[in-house]
Each structure stands twice: as structure tokens, then as C-alpha cells.
Amino acid sequence: ALMTTEYDQIQSQAKAEVIFNETELTFDLTSRSRLMPPPLNFLCVVIAYVIHICNFLTALIHPRLLNVYYWIDFGLFERFRRFNIWRMKTDINEEEKQKMRSVFEYDRTSIIYFYILSPAQKLKK
């Protein structure tokens with residue numbers, strides 16, 4: 001009888017430690033930073049700025065043909081959201097696809113506004 005109670009105490013202590021470890025891991029994963037480690041995030045930011053600056057210069061030359069943001073499909077995440085797993089397709093008609101294709105008018109004044117005036121207005125706030 002003494003061995004049984006000792007075993008039950010050790011077993012309950014082990015269960016408590018496992019629950020504590022799982023809780024601690026869950027809290028750690030939900031509360032820590034979700035950023036990429038420093039050498040990699042710096043590289044990604046530099047590449048993004050280079051693409052952004054090069055795109056500004058080329059978009060001023062030809063706003064539709066040489067603008068990277070013109071070719072980005074803005075409806076990509078909307079298609080993911082509406083994806084029907086049972087039919088293995090997205091329920092979006094052609095009219096909705098055209099609405100999602102582009103949200104900007106691509107001329108030189110709108111590109112200048114997008115790159116220069118829009119961030120300046122955010123700094124004022």
C-alpha cells in the first residue's frame with residue numbers, strides 16, 4: 001500500500017510538471033516576437049527598399065508596363081479566403097476579378113502621390 005501511494009504521488013507530480021511545461025511553452029510561443037532574426041531581416045528590408053526605389057524610377061518612365069505594383073494581383077488573398085475546399089475552386093466571377101485586379105489609376109501623378117505625398121501625410125499624423 002505504501003508503494004502505491006508513493007507511485008501515485010510521483011505520477012501526479014509528473015502530470016503537473018508536464019502541464020506546466022506545456023502551458024509555459026504555449027505562453028512563450030504566443031508572447032514572443034515574431035520577427036525574423038537580425039541578419040536575415042536586414043537583408044530582406046534592404047532588398048525590399050532596392051526594389052521599391054527601382055520601381056519608382058521605372059514606373060515614372062512607363063506607369064503601367066514597368067510598374068511592379070501594376071502586376072501584383074490584389075485579389076490573391078480574397079481568393080484564398082473564398083476558396084471552397086469541397087469543390088476545390090474559388091467562387092469568384094469575372095466581374096469581381098476585374099475589380100480586384102487593380103485599385104490604383106496608374107499615371108505619373110498617382111505614382112508620385114503614392115511614393116512621396118502619401119508617406120509624408122502619414123508622418124504629419
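Is F56 buried or exposed? In this predicted model, F56 is buried, with a relative accessible area of 17%. The cut-off for buried is under 20%.

**Aromatic pair**

Searching the whole structure gives 1 aromatic pair. Its members are F56 and Y115, whose rings are tilted, with 4.8 Å from centre to centre and 50 degrees between the planes. F56 belongs to helix 2 (residues 38-61) and Y115 to helix 6 (residues 108-124), so the pair ties together parts that are 59 residues apart in sequence. Y115 also counts as buried, at 13% relative accessibility.

**Helix 2**

Helix 2 is made of 24 residues. From its first C-alpha to its last it reaches 35 Å, close to the 34 Å expected at 1.5 Å a residue. Buried residues in helix 2 are N55, F56 and A59.

**Nonpolar patch**

A nonpolar patch on the surface is formed by L43, I47, I51, V68 and I72, which together have about 410 Å² of accessible area. Helix 2 gives the most to this patch, with 3 residues. I72, a patch member, lies in the loop between helix 3 (68-71) and helix 4 (76-81). I72 is partly exposed, with a relative accessible area of 35%.

Note on methods: Residues numbered from 1 in each chain as written. Predicted model: local features only at pLDDT ≥ 70, side-chain atom pairs only at ≥ 80, totals over all residues. Heavy atoms only, no water. Phe/Tyr/Trp six-rings, centres within 6.5 Å; stacked < 30°, edge-to-face > 60°. Helix = DSSP H or I, 4+ residues; strand = E, 2+ residues; numbered from the N terminus. Buried < 20%, exposed > 50% of the residue type's maximum accessible area, 1.4 Å probe, protein only. Expected span 1.5 Å × (residues − 1). Patch = residues over 30% accessible without salt bridge, like charges linked within 9 Å, V, L, I, M, F, W, Y side chains within 5 Å. Areas by Shrake-Rupley, 256 points an atom, 1.4 Å probe, with all protein chains shown as cover. Salt bridge = Lys/Arg side-chain N within 4 Å of Asp/Glu carboxyl O.
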